[in-house]
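User: I am new to this structure. Please take me through its chain contacts in short steps.

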Number of protein chains: 4
Amino acid sequence: MALKALFLNCTLKKSPETSNTAAFITQAEKIFAELDVQTETVRVVDHDVKFGNSSDEGEGDQWPAILQKVKDSDIMIIATPIWRGDRSAVAKLVAERFDGIWDEADEETGRYPTFNKVGGVMVDGNEDGAKKAISSICFDLSEHGFTVPVNAFSYYVGKAGPGPAYIEAKGDRHYFTNRNLYNMVYNMAHLAKVLKENPYQTNVNELNKKAKKISDTQE
Amino acid sequence: MALKALFLNCTLKKSPETSNTAAFITQAEKIFAELDVQTETVRVVDHDVKFGNSSDEGEGDQWPAILQKVKDSDIMIIATPIWRGDRSAVAKLVAERFDGIWDEADEETGRYPTFNKVGGVMVDGNEDGAKKAISSICFDLSEHGFTVPVNAFSYYVGKAGPGPAYIEAKGDRHYFTNRNLYNMVYNMAHLAKVLKENPYQTNVNELNKKAKKISDTQE
Amino acid sequence: MALKALFLNCTLKKSPETSNTAAFITQAEKIFAELDVQTETVRVVDHDVKFGNSSDEGEGDQWPAILQKVKDSDIMIIATPIWRGDRSAVAKLVAERFDGIWDEADEETGRYPTFNKVGGVMVDGNEDGAKKAISSICFDLSEHGFTVPVNAFSYYVGKAGPGPAYIEAKGDRHYFTNRNLYNMVYNMAHLAKVLKENPYQTNVNELNKKAKKISDTQE
Amino acid sequence: MALKALFLNCTLKKSPETSNTAAFITQAEKIFAELDVQTETVRVVDHDVKFGNSSDEGEGDQWPAILQKVKDSDIMIIATPIWRGDRSAVAKLVAERFDGIWDEADEETGRYPTFNKVGGVMVDGNEDGAKKAISSICFDLSEHGFTVPVNAFSYYVGKAGPGPAYIEAKGDRHYFTNRNLYNMVYNMAHLAKVLKENPYQTNVNELNKKAKKISDTQE
């Protein structure tokens, strides 16, 4: 069965405003297509995603529908523009909402629905900030149940200061960015397939019991 | 064949000074032993590792011997104390030296010697800074050829301000830290085994050629 | 004339939900009162602050009213809870909105309305992340026109893992946190007074002209 | 009396190797000269600075001599190249050594020798990482007793990926970098003068006593 990759576009701009991050995602989709991986993108800010730390923040919250798409995918990529030298506030909001995944652990195994999925990061900006954003997101992905492959990211940034962003700067013709994109996509697809066939056997509940036995604190 | 895990202890203190990070590593080794994973620790500061960005910085540099141990392992864990709310200067030095791995890519496939190895992080401090350290190190691991499993880390920190560190604070009896340690170890061992049996097939050289074709810049 | 300090509470929780950050701010207000500094707090999430990078994002945007309060103050403190080991998404949103200040520079001097104001940071969480948050916010403050005094921050965090936050943990009785709070408040008040009497004379426009003269790029 | 500015060049490369950071510092020195501020640079890696967290790590440690230069200056600028998207290991080492300043507090006032000095940051690299470095260093400066002025930094970075660094990229002709440099220098000089004439009156010891009174914990 074909693999499925989901992009969460964390631009600050609602549709139909032009999003550089959307253009960058399009480039990644073309490469996934070479490998017959299906792709879908959610532009988060077009939905009413509430601030919070659970999987459902109540009336009107549209995060649950987005989270369902994550659960239905094998690969998830957080794609964010750079603001203030870091991921966008929307990307941070998304990260915070993923904390809810811990409450959705399987009763028997303690594994979250994200186990055996592969995570990656794409960052674009007119300048400096990509690696800070990637670092934070890699940590989030690992804690939220994703596995992070070799070279799990690609980014485009220009020179110090104001200047053209991905589209105007022809980021889609920038070798370093494309090289990382190719490697990211191929590595993600490989790892997703491998994990699908060889899923984690970790019984989180059992391990937590072992940890309790050797601990004084119990939380 | 048994898996092998290597810890790089990035304490600032030379042997035989007491290292909290060493005590934390000992705890992890016990858990790896449950899974018959062999372990070894290098206390980096006991060796003359030069500042630099290559795999060999010349006369007297002892990094090459440490790097050889990494190549001989299936699992690598960067273990660092917290200073200034971040990984230690020694851990940063180690990260910088790993940039040399890019020059050791296989001629045909372009894959570095670290491909198919699994990476993780352990952080201890008397207070605040673990997640910043973990974030940066997760990014480094991925860029340097390692795969980062689910929950690829464990950490101990105390309350805000000066206070007891891992040993004195009985971090080895702190449930949250032990829970993460158990999950980290089991997840790493699973992923290392799976990658050994299903290694990345990525031909980096071929992908880079594809990237060149669609790019104007060529570096 | 009395100095005025403004707190921006960047909790994720709308009133009337209990906010640990609000309790922490109350502690700071008591100390400012000792120095006859007037204080006011805005709980950002109670207002409809749009995502964006300008001082006014159009219809319904309530950031302009908050920004006006900043302009009317001598001291501003960003107070944020920790989520994902970093400042909250709301605090990031606030940082992004401050980029609009660059478009409000004085026509003649090029100085923004924030020049000669003093900035600081307060962070509270149940665990790890304070220093990462403080670091990013200190950079933002400096770039957005504020001056950052000695020890411009205070924070409360507990041990690694889930646990009580500021209120339940009695952060208001934690010496390290109170000590930093006292020093932060006294240093801020001193610097605010000094800058009021000895404002920056920097003519940004003139300096930018000098910079243009020695540069090839012009943006 | 003339102000004095000290640069700590945190390059990884020993003299006489070419240092891009040194070239960047030269540009800043020219601007300080316009304001009759004396300048001096220490290339840290040329000295035997031990890993550690005190002001004197014993036999052969050359940090004490560097620290004395800091004490003799009104302005200090940490200048660092980017490696791994962050400040260099040498810059991290320097930050860790500054923790020793807390043990040098004035017996009566509790103020460290750095009080009333102004701190700033310069970062150069071939690509991404400047703002992460600046953020961490701004936090360090504030905690170590320095005051951080408006726009307390300048940086040069090129496009994503390998590429020319400051010298080869003609960073000294890059408007954005020069603009920030001019503003940094003028703001630092103003604030240093103002703080010299209006030093902090904070009695840290007295404030700490006040904090103890309202606290249960005593450390």
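**Two interfaces of chain B**

Analyst: Chain C and chain B together bury about 1600 Å², with 53% of it on carbon and sulfur atoms. Buried area is the accessible area (1.4 Å probe) that two parts lose on being put together, summed over both. This is a predicted model: local features need pLDDT of at least 70, side-chain atom pairs count only at pLDDT 80 or more, and totals for chains, interfaces and linings use all residues. Residues are numbered from 1 along each chain as its sequence is written, chains are lettered from A and ligands numbered from 1 in the order in which they are written, and side-chain values use heavy atoms, leaving out hydrogens and water.

User: Which residues in chain C lose the most area to chain B?

Analyst: Three residues together make up 37% of what the chain C side buries. They are Asp128(C), Lys131(C) and Ala160(C).

User: How many residues of chain C are in contact with chain B?

Analyst: Contact means heavy atoms within 4.5 Å. On the chain B side, 20 residues take part. On the chain C side, the number is 20.

User: Which residue forms a salt bridge with Glu127(C)?

Analyst: A salt bridge puts a side-chain nitrogen of Lys or Arg within 4 Å of a carboxyl oxygen of Asp or Glu. The count between chain C and chain B is two. In the bridge to Glu127(C), the closest N and O atoms are 2.8 Å apart. The partner is Lys131(B).

User: Which element gives the largest share of the side of chain C that touches chain B?

Analyst: Helices (H or I, at least four residues) and strands (E, at least two) are DSSP runs, numbered from the N terminus. Helix H4 (130-143), strand E7 (153-156) and helix H5 (175-197) of chain C each give two or more residues to that side. The largest share is four residues, and it comes from H4(C).

User: Now chain A. What area do chain A and chain B bury between them?

Analyst: The contact takes 53 residues from chain A and 53 residues from chain B. Of the buried area, 59% is on carbon and sulfur atoms. The total is about 4800 Å².

User: Which residues in chain A lose the most area to chain B?

Analyst: Three residues together account for 15% of what the chain A side buries. They are Val150(A), Arg173(A) and Tyr175(A).

User: How many salt bridges lie across the interface of chain A and chain B?

Analyst: One of them joins the side chains of Glu34(B) and Lys210(A), at 3.2 Å from N to O. Across the interface of chain A and chain B, the rule finds four.
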